[in-house]
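Please look over the sequence and the structure shown here.

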Amino acid sequence: MVLRLIQAIRSVRQGLPPRAGHGHPPSGRDGETRLPAAYQHPATPRLLTKAWALPYSVPMKIFIDSGDIEAIRETAAMGVVDGVTTNPSLIAKEGRTLKDVISDILEIVDGPISAEVIATDYEGIVAEGRDLAKMHKNIVVKVPLIAEGIKAVKTFTAEGIKTNVTLCFSTSQALLAAKAGATYISPFVGRLDDVGQDGMDLVAQIVQVYDNYDLPTQVLAASIRHPTHFLQAALIGAHVATVPPKVVHQLLKHPLTDRGLEKFLADAAKTAKS
């Protein structure tokens, strides 16, 4: 319901002339907001005001979720990659150390690069995070959403170290991470879908809560499995979607594009012969 509501709100705004800066939500003669009856909800007035005030000029950022250097290089060459996320499982697939992989990524992508700690105690997380942060100004320390991790995020924030709080599966977790000063929160969409929940509903709820209180933490939709996840994240208003390289390439594909290009080339060949 929340996803449908946010989509409806954004559709209403997009259907009206763009305004510079912040504006007011659309209304009828009596001054009340106008949305289809199916989308009425207790949160509608607040969400409508928030959605209407969002800037038009900040598109969703695209991060690559991979440790495969060649795949990152190929995808980044398209000019649409804003950052990279990694995790211990992705690094393990490469058979190299975390720092070696991160060093190579830093040479390819000039943007936020998430490198995950493996410690689970406060002292260990802080020590690992500080060490990683020394590598480059673009390093974002990835921290698990546990009590010791949240404590570490508070410390990192005070020290000016950017953080990505990972393995988020509830809105309450996301609010605690934001309160601690997390730079990014990573709700895992695909993994929730795997257990019969709608992962995108979680993303929508976090976006709403952060908007309610003007929290600066950015919502980074993670565990994106396919192009529909990507589209839903954009409709909801996620700040970032981190996707495997293959999904980025899937976003380009459409049978009508292929068919149309094939016909254009065939017609061009005929013209060249005449």
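Which residue lies over the face of Tyr 122? Lys 151 does, at 5.2 Å from the ring centre; a charge counts as sitting over a ring if NZ of Lys or CZ of Arg is within 6 Å of the ring centre and within 35 degrees of the ring normal.

This is a predicted model, in which local features need pLDDT of at least 70 and side-chain atom pairs count only at pLDDT 80 or more, while totals for chains, interfaces and linings use all residues. Residues are numbered from 1 along each chain as its sequence is written, and side-chain values use heavy atoms, leaving out hydrogens and water.

The whole structure holds 2 aromatic pairs (rings of Phe, Tyr and Trp, the last by its six-membered ring, with centres within 6.5 Å; planes under 30 degrees apart are stacked, over 60 edge-to-face, the rest tilted). One of them joins Phe 63 and Tyr 184: the centres are 5.9 Å apart and the planes at 70 degrees, so this pair is edge-to-face. Phe 63 belongs to strand E1 (residues 61–65) and Tyr 184 to strand E6 (residues 184–187), 121 residues apart in the chain. Strands (E, at least two residues) and helices (H or I, at least four) are DSSP runs numbered from the N terminus. Phe 63 has 1% relative accessibility and therefore counts as buried (under 20% relative accessible area; exposed is over 50%, partly exposed in between, with a 1.4 Å probe and protein chains only).

In E6, Tyr 184 and Ser 186 point one way, Ile 185 and Pro 187 the other, and all are buried. E6 pairs in the parallel sense with strand E7 (residues 218–221) over 2 bridges; pairing requires at least two DSSP bridges between two strands. Here Ile 185 stands opposite Val 219 in E7.
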